[in-house]
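Biologist: Please take one close look at what surrounds the ligands here. Keep it to one connected answer.

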Amino acid sequence: MAIRLFNTMTRKLEEFKPLVEGKVGFYSCGPTVYHYTHLGNLRTFLHNDFLKRMFLANGYDVRHVMNITDVGHLTNDENDSGEDKMEKGAARDNKSVWEIAQFYKNEFLRDYNDLNMLPPTVMPHATDYIKEQIELVQKLEEMGYTYEIPNDGIYYDTSKFVNYGALTGGSLSGNRAGARVDFNDEKRNPYDFALWKFSPKDVKRQMEWDSPWGVGFPGWHAECSAMSMKLLGNHFDIHTGGEDLSRVHHANEIAQSEPITGAPWVNLWLHYSFLLDKSGEKMAKSKGEFLGMDAVRTRGYDPMVYRYFVAMGHYQSQLAFSWETMDATAKSYANLVRRVADLLSAKDETVDTDVYNKWRNDMIAAMSDNLKTASVLVLVQDFAKSDEINNATKLALMNFVDELLGLQFVDRAKKLVLLEQEAAPDEIVALAQQRAEAKTNKDWGMADSLRAQIDAAGWTILDTKDGYKIVKKV
Ligand code: AMP
Ligand code: ZN
């Protein structure tokens, strides 16, 4: 099936053409592990997961590399100034840099797993690829792309790279006014960036390495060029990241890589729009206050509700987060789980293959058309409500939806059925009987009040054609 994706480089929706038939290799910029990952970062990672599942549904062999940034990302990454985020995070938590890297990586992996994202094929850490990053800088040095700023570091001379900034249409001046305002006047050009930073003379850094230029650490952009080339080759299919990365980080990655690999280095650039916080701004770790999966879990939401919320948006549009929207999303998710739970008891039918294939293809087509996850969800509502599709086919389709969108409907429905099999305690059974009598007497006020009491105790009455059923609330 034809796959179309929006390529930031050409600013066009393009048909995807793999470098090797039936295979796709993609690199995603991963988290900087100096703090908890927030819901915005996780939105970006969820879109990677939808991308991967779309390729798998189309029968591709997927090689996905996502890095862990554990060194070199400075607080002001537009100017290569400020503190190393990792060293700053370690001071905040009163731990070593290595300890916080391990801690926040584990927390990230917990969220990743709770959100049912498929693991990357390889998850390299920047600190494990220092040798490759030094080699990259050496090659650029040999080719004449670098210069040294004494007591600061080795810099990339962007004037040597004609296509610098092509990803953002070459219009950097408007986008990166900050780079001009805070212009480090020792740089030859405003957008030049650090490839290797020297350790400060007066402060002992926790993470530093020897290099041909002296003790120091790599610039943040070097890791993604070095690791992607090492793990995916000199020319690969797709590179992804949040929308903020295109202007600086990815522009710099291209400038570092293409002199070595020859253009184009990456065939398609995919950028995901931001998750906004309640004030309408980008959710950001640097703002100190941000929401992560802990907030979602503590408020009692199933992590799948956040996944469903992200799937209802499109990767090219910003998405505003609010608890009100999460509540509405939780209801829709629970309704679908309820429907699947009802399907689980329908064992007497067989799957209608033609009907199954038609809906399955429609869903793959929606995903392949620029990752329209929300359109898949509309199809799900349509087939779930249809009177013309038998239950066994609906259940088979729901299993496929779980593969395609990873929303775990069937798993949650099975858990719901187990909960429903739990017998209600005597006092709840008694209240339910009183409610049934109140209904027979048409005393609706009393029936409603008894239902509310049952509800408050954590149980729900489902009216059925044979009477009623008492089930545990989920
Ligand atoms: P970081 O941990 O800051 O290196 O970011 C990890 C990934 O999350 C990168 O691809 C960022 O572009 C992305 N990202 C950061 N903030 C947001 C946000 N508010 N919404 C969506 N993606 C984001
Ligand atoms: Zn990166």
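Modeller: A residue counts as near a molecule or strand if one of its heavy atoms lies within 4 Å of it. The model is predicted, so local features need pLDDT of at least 70 and side-chain atom pairs pLDDT 80 or more, while totals for chains, interfaces and linings use all residues. Residues are numbered from 1 along each chain as written, chains are lettered from A and ligands numbered from 1 in written order, and side-chain values use heavy atoms, without hydrogens and water.

Ligand 1 is surrounded by 20 residues, with Thr32, Thr44, Asp244, Met283 and Lys285 the closest. Polar contacts are pairs of N or O atoms within 3.5 Å. A polar side-chain atom of threonine 44 is 2.7 Å from a nitrogen atom of ligand 1, and a backbone N or O atom of glycine 40 is 3.1 Å from a nitrogen atom of the ligand. At glycine 242, a backbone N or O atom lies 3.0 Å from an oxygen atom of ligand 1. Of the 490 Å² of accessible area (Shrake-Rupley, 1.4 Å probe) that ligand 1 has on its own, the protein covers 94%.

Ligand 2 is a zinc ion whose protein donors (N, O and S atoms within 2.8 Å of the metal, or 3.2 Å for Na, K and Ca) are Cys29 (SG), Cys224 (SG) and His249 (NE2), at 2.0 to 2.2 Å. Their sequence spacing is C-x194-C-x24-H. Cysteine 29 sits in the loop between strand E3 (23–28) and helix H1 (39–57), and histidine 249 in helix H8 (residues 249–261), so the pair ties together parts 220 residues apart in sequence. Helices (H or I, at least four residues) and strands (E, at least two) are DSSP runs, numbered from the N terminus. Cysteine 29 is buried, at 7% relative accessible area, and histidine 249 is buried at 1%; buried means under 20%, exposed over 50%, and partly exposed in between, with a 1.4 Å probe and protein chains only.

Note on methods:
A polar contact is a pair of N or O atoms within 3.5 Å; within protein, one must be able to donate a hydrogen and the other to accept it, and residues adjacent in sequence count only if both atoms are side-chain atoms.
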